[in-house]
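Here's a protein to explore together. Keep the 3D view open, and let's walk through it one piece at a time.

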Protein chains: 2
Amino acid sequence: MSQVTVKDVARLAGVSPRTVSNVVNDYTHVSDDVRRRVLAAIDELGYRPNLVARNLRTGRTGLLALIVPEIDVPYFSELARAVIDAASAHGYRVMIDQTGHDHERERQLLTGSDRTMLFDGILFSPLVTQDEIADLDSSTILPTILLGEHTFTGRFDHIAIDNTRAAFDATTHLAATGRRRIAAVGTQPRETYSTPRQRTAGYLRALDEAGLPHDDDLVVPAAQYHRRDGYDATRRLLALDAPPDAIFCYSDLLAMGAMRAVQDAGRRIPEDVAIIGIDDIEEGRFAIPSLSTVALDKDVIATRALEQLVRRIEEPSRPATQIVVPHTLIERDSTRAPATG
Amino acid sequence: MSQVTVKDVARLAGVSPRTVSNVVNDYTHVSDDVRRRVLAAIDELGYRPNLVARNLRTGRTGLLALIVPEIDVPYFSELARAVIDAASAHGYRVMIDQTGHDHERERQLLTGSDRTMLFDGILFSPLVTQDEIADLDSSTILPTILLGEHTFTGRFDHIAIDNTRAAFDATTHLAATGRRRIAAVGTQPRETYSTPRQRTAGYLRALDEAGLPHDDDLVVPAAQYHRRDGYDATRRLLALDAPPDAIFCYSDLLAMGAMRAVQDAGRRIPEDVAIIGIDDIEEGRFAIPSLSTVALDKDVIATRALEQLVRRIEEPSRPATQIVVPHTLIERDSTRAPATG
DNA sequence: TACATTCTTTGCCACGTTGCAAACGCGCTG
DNA sequence: CAGCGCGTTTGCAACGTGGCAAAGAATGTA
């Protein structure tokens with residue numbers, strides 16, 4: 001456990017500490033002989049560079065922070081996997097923070113008011129905050145990339161999803177299979193959360209274009225996007241005098257709960273009720289029935305996010321950019337057209 | 001972005017840098033007047049202590065590494081959530097590395113041969129490595145806690161699960177509901193992986209105690225523990241001349257794939273085939289039918305692991321201990337006794 | 001008033017590393 | 001053989017912080 005330093009290596013190899021550093025950092029002009037001796041000494045002593053010291057000197061830590069609401073929500077764990085892999089390709093490692101849907105905590109994490117100066121950059125996937133972000137002075141915080149929000153303020157780099165369009169596509173798909181009473185699950189009581197707001201907008205527009213009426217009874221909030229919330233919301237929908245024949249859930253996880261609720265109520269999917277989500281989590285592919293969804297390509301999101309972040313770390317003053325990642329409708333068993341139109 | 005240091009604060013507050021440090025660290029003997037002035041200066045300049053420098057000085061980083069095979073496997077993402085929360089309670093933050101089932105990478109991560117000296121400790125959940133761990137000299141690496149393995153070598157602190165017993169309980173439960181041909185899914189080609197070996201041992205012992213014969217055809221390997229692996233293994237089982245009437249999967253995720261395969265084959269759960277897993281992931285609670293399982297309490301695992309790790313960080317030379325976390329059989333719909341015994 | 005005691009504040013230094021630029025050594029050229 | 005240039009190695013200093021112990025100020029005691 002005792003720290004072996006460049007000095008120890010230098011002494012053993014019979015060179016200066018500085019030369020050891022040169023070897024470790026692959027400096028060009030090092031003779032083969034010296035390199036061999038130094039490497040042998042490193043090996044013998046089990047020397048490992050102290051990253052903290054190195055980073056104090058260079059100002060880089062090689063660490064990024066990924067901030068998500070909850071890591072055990074499949075969308076975020078799948079995203080985290082992609083992010084960690086993408087970061088690894090750029091030589092970075094990823095620390096994960098959870099906000100637990102807590103506004104104030106999101107803000108703290110983002111401004112670094114507690115987690116100071118230990119990271120080279122931040123990847124932030126805000127579930128809830130929006131206005132707060134706009135208030136922040138982007139020049140005072142670390143290089144930051146926002147993931148998944150759509151409203152672009154010009155202050156932060158942004159890997160966005162076209163939420164409105166995704167919701168529109170999902171709802172239109174349901175209408176195209178002959179559904180007439182299409183419910184939406186996942187609105188939020190707080191108006192400020194932009195993702196659900198955008199999805200609701202897309203849902204309503206799709207109803208308009210399909211010539212279907214709006215029905216407030218069919219638009220149900222979900223406090224968080226857990227299976228349980230989808231389950232509860234769907235039970236409420238099924239208890240209506242005129243229950244829906246299709247449910248568009250604002251996330252796949254909500255949809256998993258919805259599917260369970262429909263089957264618990266003794267109704268069939270998709271014959272009685274069709275269900276579609278957004279995210280394309282692995283779980284939906286193996287669900288019974290398999291879940292139709294709007295796929296967000298997490299690998300593309302992660303790859304683009306890391307390109308942007310690395311670029312911004314190297315050039316902090318560059319103008320903020322926005323990238324919209326395309327999505328794809330994936331039709332599976334949960335929305336197959338029923339035998340009778 | 002430019003770094004504000006104690007010196008800047010000291011200059012503005014009209015005190016020495018050292019005094020600023022005293023204020024920041026809540027040193028006892030600081031006059032109220034000075035404290036006020038320093039805090040005001042900190043506020044005005046937006047000073048944030050540089051953790052890298054602090055950590056270089058104190059030798060602590062406040063960072064832990066959590067090493068798992070894949071973060072998007074629900075068991076590990078749920079475990080990660082618990083670990084991050086538990087770490088947070090001790091003032092630590094958690095960096096996550098994925099081994100991707102890669103032996104050599106597990107070894108590298110564990111010995112820190114690349115990730116040098118940046119963490120105060122390691123939480124390591126090895127899916128595969130076992131012998132390698134035994135070879136390591138525990139005194140040369142960071143404080144490390146192993147999660148989930150059972151074989152205790154006395155070299156590392158260990159939060160263990162009684163794998164043998166868990167598998168025994170699961171299999172015995174299937175036998176108790178009248179199943180006669182109980183399959184096991186999840187053995188590994190490589191004999192060295194101890195978790196599957198222990199589970200197989202428990203499975204076989206349960207068969208013995210229930211008076212059921214062993215049948216090699218009913219013991220199926222799964223390369224990794226993904227839904228797809230469970231699906232493929234189960235298809236093979238169902239294609240047997242004498243297919244099983246119950247399947248014990250070595251993880252819930254395997255079981256999710258197994259359930260899908262059974263239903264794709266037009267057979268009913270639990271009437272034709274009962275299925276049980278291990279892990280108690282949230283997904284299984286909402287599956288259709290809901291999945292019986294052996295629950296491993298991830299919060300307890302995480303809490304105990306952090307207690308141990310913090311203790312070891314403070315006292316590196318203390319003897320290694322092992323804690324076995326209890327498990328619980330949870331009966332749900334996937335193993336309800338069929339109407340006819 | 002002189003001295004002991006306690007409370008505050010400070011200067012110096014080191015943590016382990018790398019940037020900088022100077023120094024060294026060697027072979028080549030004129 | 002002097003002089004030059006390139007390849008190689010090195011000493012010094014600094015990144016920003018906190019440990020240490022001593023200096024300085026304030027208070028209490030004889």
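**A walk from salt bridges to the interface**

At 39% relative accessibility, B:E331 counts as partly exposed. Keep in mind that what you're looking at is a predicted model. B:E331 has a partner: its side chain meets that of B:R336 in a salt bridge, 3.8 Å from N to O. B:R336 is partly exposed too, with a relative accessible area of 36%.

Let's visit a couple of them in chain A. One is formed by A:R11 and A:D8, whose closest N and O atoms are 3.6 Å apart. Both residues sit in helix 1 (residues 6-13) of chain A, 3 residues apart, which is about one turn of the helix. A:R11 counts as exposed, at 61% relative accessibility, while A:D8 is partly exposed at 25%.

Now try another pair. The side chains of A:R332 and A:D280 meet in a salt bridge of 3.0 Å, N to O. Where do these two residues come from? A:R332 lies in the segment after strand 12 (327-330) of chain A, and A:D280 lies in the loop between strand 9 (274-279) and helix 12 (282-286) of chain A, so this pair ties together parts that are 52 residues apart in sequence. Are they buried or exposed? A:R332 is buried, with a relative accessible area of 13%, and A:D280 counts as buried as well, at 10%.

Stay in chain A for two residues that sit in loops. A:S125 is in the loop between strand 3 (121-124) and helix 7 (131-135). With a relative accessible area of 6%, A:S125 is buried, because the cut-off for that word is under 20%. What does A:S125 touch, if you leave aside its neighbours within four places in sequence? Its contacts are A:I67, A:V68, A:P69, A:F76, A:L79 and A:L147.

The other loop residue is A:N50, found between helix 3 (32-45) and helix 4 (51-58) of chain A. A:N50 is partly exposed, with a relative accessible area of 22%. A polar atom of the A:N50 side chain lies 2.8 Å from the backbone nitrogen of A:V52. Look for A:V6 as well: A:N50 and A:V6 are 44 residues apart in sequence, and their C-alpha atoms are 9.4 Å apart in space.

Next, hop over to chain B and find strand 10 (residues 292-296). Why can we call this strand largely enclosed by the rest of the structure? Because 5 of its 5 residues are buried. In a regular strand, side chains alternate between the two faces of the sheet. In strand 10 of chain B, both faces are covered: B:S292, B:V294 and B:L296 are buried on one side, and B:T293 and B:A295 are buried on the other.

Strand 10 of chain B has partners, too. Strand 9 (residues 274-279) of chain B pairs with it in the parallel sense over 4 bridges, and in one of the pairings B:I276 has B:S292 as its bridge partner. Strand 12 (residues 327-330) of chain B also pairs with strand 10, in the antiparallel sense over 4 bridges. There, B:L296 stands opposite B:H327 in strand 12.

Finally, zoom out to see how the two chains meet. Contact involves 55 residues of chain B and 54 residues of chain A. The size of an interface is often given as the accessible area lost when the parts come together. Between chain B and chain A, the buried area is about 4800 Å², and carbon and sulfur atoms give 62% of that.

What about polar and charged links between the chains? There are 16 residue pairs in polar contact, both at pLDDT 80 or more. The residues on the side of chain B that touches chain A divide into 25 nonpolar, 14 polar and 16 charged. The count of salt bridges between chain B and chain A is 6. One you can look up joins the side chains of B:E70 and A:R81, at 3.1 Å from N to O.

Strand 2 (residues 93-98) of chain A and strand 2 of chain B pair in the antiparallel sense over 3 bridges. To spot the pairing, find A:I96, which stands opposite B:V94 in strand 2 of chain B.

Methods
Residues are numbered from 1 along each chain as its sequence is written. Chains are lettered from A and ligands numbered from 1 in the order in which they are written. This is a predicted model: local features need pLDDT of at least 70, side-chain atom pairs count only at pLDDT 80 or more; totals for chains, interfaces and linings use all residues. Side-chain values use heavy atoms; hydrogens and water are left out. Contact means heavy atoms within 4.5 Å. Buried area is the accessible area (1.4 Å probe) that two parts lose on being put together, summed over both. A salt bridge is a side-chain nitrogen of Lys or Arg within 4 Å of a carboxyl oxygen of Asp or Glu. A polar contact is a pair of N or O atoms within 3.5 Å; within protein, one must be able to donate a hydrogen and the other to accept it, and residues adjacent in sequence count only if both atoms are side-chain atoms. Ala, Val, Leu, Ile, Met, Phe, Trp, Tyr, Cys and Pro count as nonpolar, Asp, Glu, Lys and Arg as charged, and the others, Gly among them, as polar. Two strands pair if DSSP finds at least two bridges between them. Buried means under 20% relative accessible area, exposed over 50%, partly exposed in between (1.4 Å probe, protein chains only).
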